[in-house]
Amino acid sequence: MALVQVANHTMTSAANTVTLTGITTNDPHVLFYRDVYMTSDGAVPAWRLTKASDDSANTSSNYENARMNIYSNQGKYDGANKSLTSFSAIGTGTTSSECHQGMITLMNFTDSSSYSYSIWQQIMTTETPEYVGPHGGGSLKVNEAHNGVQFFANTGNIANGRFTIYKVV
Amino acid sequence: MSNLRLLDEQSISSSVSAFSVYDVFTSDYDVYQITATDLSTTGTSETEIWLRFVSESGSVISTSNYEYGARYFFAWAGASDLNGQNQSGVRRCFAEVTDQSPEVASSTLWIFNPYSDTEYTSLLFENSNYYAGTYASQMRGFAHLKKLERVTGFYAYDNNGSRPLASGTFRTYGLRVDS
């Protein structure tokens, strides 16, 4: 498998959103993110897809997902949602030892006549702390071309994070 | 050119109960992929293959700082959980169970932040296995090393030390970030 970088962003100060664009072909892409923690304890990192037409995030209620959250201290939890305005992770902490990392495979992004799909594998430490590994996926149920991903905090800001998108060739 | 660069490749050449790969994690990368293929045992007694990390000083980290969770998926039954808190290694990270060839096991790991001493080392793992002439299984999970310490390598070991590994190839890749 070859991975060719198409976008990268390293945060240097807290921000409510982090946007990465640069997907221009319908090949699968993989977004790696690491060291993501928040300014507010328990805040949830979430993400939306950006429209190829104007780089803005699609905020419609068309995000659907299903996921299996694996824990170190308890049995797994299966979750699913329809008609949300984003995909989301789990609340995390405010330091580098309570942070998120993971990889999100981005599928069928530039085809404007069908839906776009995301598959994620994540490793996170919550503010409790608990140790969690969500595995899941979802679709944005809109016939629209997308060119990237926008991360945001459900409350407060994202304090830190490094984000890179690679094309699978 | 791919941003995923092959850094190291090593194979088991004789029966061993543990296999170490040193000095593959550096400040050059913060995400790595490890593939382990053709993992098999000497003889027909199957074994689990676990993981520990190797510190910057070259010693295997066996303190009770590993935290992990995973799901087993069995061809002959349903799925179930694997949980571990404050453990001395990551259970079944490289193989749920492997056996004598041709019943080999294979796995893929993604390692995050091993060379950082301000963040925990974290990993995602998946493996696929066949053993005892009957059982096909797959696993996927995650683990943390809850220790703010630089990690430069890894250590694969069979869980009871008496069912040596006959074969296996470990490849380590670094995922380059162009700033």
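Buried means under 20% relative accessible area, exposed means over 50%, and partly exposed is in between (1.4 Å probe, protein chains only).

**Ground rules.** I'm working from a predicted model, where local features need pLDDT of at least 70, side-chain atom pairs count only at pLDDT 80 or more, and totals for chains, interfaces and linings use all residues. Residues are numbered from 1 along each chain as its sequence is written, chains are lettered from A in the order in which they are written, and side-chain values use heavy atoms, with hydrogens and water left out.

**Pair in chain B.** I looked up D178(B) and found a salt bridge with R176(B), with 2.8 Å between the closest N and O atoms. For a salt bridge, a side-chain nitrogen of Lys or Arg must be within 4 Å of a carboxyl oxygen of Asp or Glu. D178(B) is partly exposed at 32%, and R176(B) is partly exposed at 34%.

**Between the chains.** Next I checked chain B against chain A and got 3 salt bridges. D30(B) pairs with R162(A) at 2.3 Å, N to O. R34(A) also forms a salt bridge with D30(B), at 2.9 Å. R34(A) sits in strand β3 (residues 29-38) of chain A and D30(B) in a loop of chain B, so this pair joins two chains. (Strands are DSSP runs of E, at least two residues, numbered from the N terminus.) R34(A) is buried at 2%, and D30(B) is buried at 16%.

**Network.** I then saw that R34(A), D35(A), R162(A), D30(B) and E119(B) are linked by salt bridges.

**Contact.** Last, I noted 39 residues from chain B and 35 residues from chain A in the contact, meaning heavy atoms within 4.5 Å.

Technical notes. Helices (H or I, at least four residues) and strands (E, at least two) are DSSP runs, numbered from the N terminus.
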